[in-house]
Amino acid sequence: MKEKYDVIIVGAGVAGLNCALHLPKDKNILIICKGTPEESDSYLAQGGICRLQGEEDYKSYYTDTMSAGHDENNPAAVECMIKSSPDVIDELISVGVDFARDADGKLAATREGGHSKNRICFHKDCTGKEITTKLMQAVTKLKNVEICSQTTLLDLICSENECMGAVVLDNKSGCVKKIVADYTVLATGGIGGIFQHSTNFRLLTGDGVAICLKRGVAVDHVDYIQIHPTTLYSPVKGKRCFLISESVRGEGAHLLDKNGNRFCDELQPRDVVTAAIKKKMEDDGTPFVLLDMRPVGREELSSHFPGIVERCAEEGYDVFSTPVPVVPAQHYFMGGVRSDLDGKTTMRRLYAVGETCCNGVHGANRLASNSLLESLLFAKRAALDIERNFVSENPLTTEYALNNAIFGDYSDPNGLLDGYKLTLLKSIEEAKNNVR
Ligand SMILES: Cc1cc2nc3c(=O)[nH]c(=O)nc-3n(C[C@H](O)[C@H](O)[C@H](O)COP(=O)(O)OP(=O)(O)OC[C@H]3O[C@@H](n4cnc5c(N)ncnc54)[C@H](O)[C@@H]3O)c2cc1C
């Protein structure tokens, strides 16, 4: 690791990787990630990624996104995302992503809750792994990009309103380093690790968001947290909840109560289905409801959802013969570091992309399979904006950065990180109380 880079990207999920891929090849780029490169939620995405199905689909896709988001979405961001979706998919195909195809060789499309038609591209039930692996392969080939895993962002190197790099912890040696960069991109993903029940990797604790709160960078809607209706119920507490993709319901699976009766329309947006499940659990006094995948059919279950079938079997459930217990869990963060459509935050030289940022595209509730798309698109747009800045702005010197930054105390990195979790939880509580 050097003392100075042109760009530091914090996070190696789809947002961080796609940003790196679109930055100029003559710039030195450092990507850091907190755990291994595979420990990003991008690897976990099952259902797929949305793609506009021709011009005639625009109005319907737009309306679905806005309705799921309770019309609190930023219309410009939604328009930009939907119109760019075919290009995003084409770019993924060009780096080798293998999406399912129909008998005519056209991209196959599945459906999830809140969508009024099939428009989700997928690779079995491991679309995120397929996309992230191919992006990682493409980034690894770039000579100008260095990837450091097991390296944790502790703080930004910044003056009052200018970011000049990152203070990072080498998890293995325990050393704290200051790395200067002309531009810093936060792609630190979601916040599920601060909750007891979440589908997210436990290490995703919203550090980027908490650091922005501390450093006075604008953060929006910290209380906009999406709960996924269907994760596999486990009596064991504190472990990552296994998600059962919405597209299983999109392909016909039913939600049943303890008496085997359906109790809601399974294809409504996530918040509506979650509320129906919670009410049913309360009324019935049960810790879960049931998901019956048998209506999907053996062949479709085996070919489209092999990972889900396998995981349920590991937990002792044969999905071909019996419904499985499911329970809602924290899943996605719609709030985050305020950013514009080019990923710019309110701090100079600082960008935020992917789930960490809030550009308003999801409003108060994300429509299923819009997040990989959003992360990829706006990360690319941030890269292009940074490229423009290199032309118009002077580069930073290490001396200037280190002399002008306001540093904190980094003698207890783990204590600092624990403090960030508490900061975030507190600000979520405050935001909830302000709404009430
Ligand atoms: C189980 C599951 C299924 C999903 N299914 C879908 C789906 O089908 N379709 C869809 O569109 N979306 C889906 N999502 C959501 C989607 O996967 C994420 O929103 C998206 O991948 C976020 O990408 P990202 O790059 O912003 O963050 P991530 O992929 O989560 O990457 C975050 C990165 O930040 C790093 N990081 C975090 N904190 C620090 C720190 N302090 N220092 C250094 N590095 C740090 C991590 O190590 C990681 O590399 C799913 C999510 C989950 C959990």
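Because the model is predicted, local features are reported at pLDDT of at least 70 and side-chain atom pairs count only at pLDDT 80 or more, whereas totals for chains, interfaces and linings use all residues. Residues are numbered from 1 along each chain as its sequence is written.

The chain contains 12 helices and 16 strands; these are DSSP runs, with helices (H or I) of at least four residues and strands (E) of at least two, numbered from the N terminus. Along its principal axes, the C-alpha trace spans about 70 × 50 × 40 Å. Of the 436 residues, 51% are buried. A residue is buried if 20 or more other C-beta atoms lie within 10 Å of its own, exposed if 12 or fewer, and partly exposed in between, with C-beta atoms placed from the backbone.

Domain 1 comprises 4-224 + 334-435 and domain 2 comprises 230-328, with bounds that come from an automatic or database domain assignment. The C-alpha centres of domain 1 and domain 2 are 29 Å apart. Across the boundary, 21 residues of domain 1 are in contact with 23 residues of domain 2 (C-beta atoms, placed from the backbone, within 7 Å). The side of domain 1 that touches domain 2 has 5 nonpolar, 11 polar and 5 charged residues. Here Ala, Val, Leu, Ile, Met, Phe, Trp, Tyr, Cys and Pro count as nonpolar, Asp, Glu, Lys and Arg as charged, and the others, Gly among them, as polar.

The ligand is surrounded by 43 residues, the closest being Gly 11, Gly 13, Gly 47, Gly 189 and Gly 354 (C-beta atom, placed from the backbone, within 6 Å of the molecule). By class, this shell has 15 nonpolar, 23 polar and 5 charged residues. Helix H1 (14-22), helix H4 (127-140), strand S6 (151-158) and helix H10 (371-392) each supply at least two residues of the shell.

Helix H1 is mostly covered, with 8 of its 9 residues buried. The buried residues of H1 pack against H4 and H10, and also against strands including S1 (4-10) and S2 (29-32). In helix H4 lies Gln 137, which is exposed because 12 other C-beta atoms lie within 10 Å. The C-alpha atoms of Gln 137 and Gly 96 are separated by 9.5 Å, although these residues are 41 residues apart along the chain.

How values were computed
Contact = placed C-beta atoms within 7 Å.
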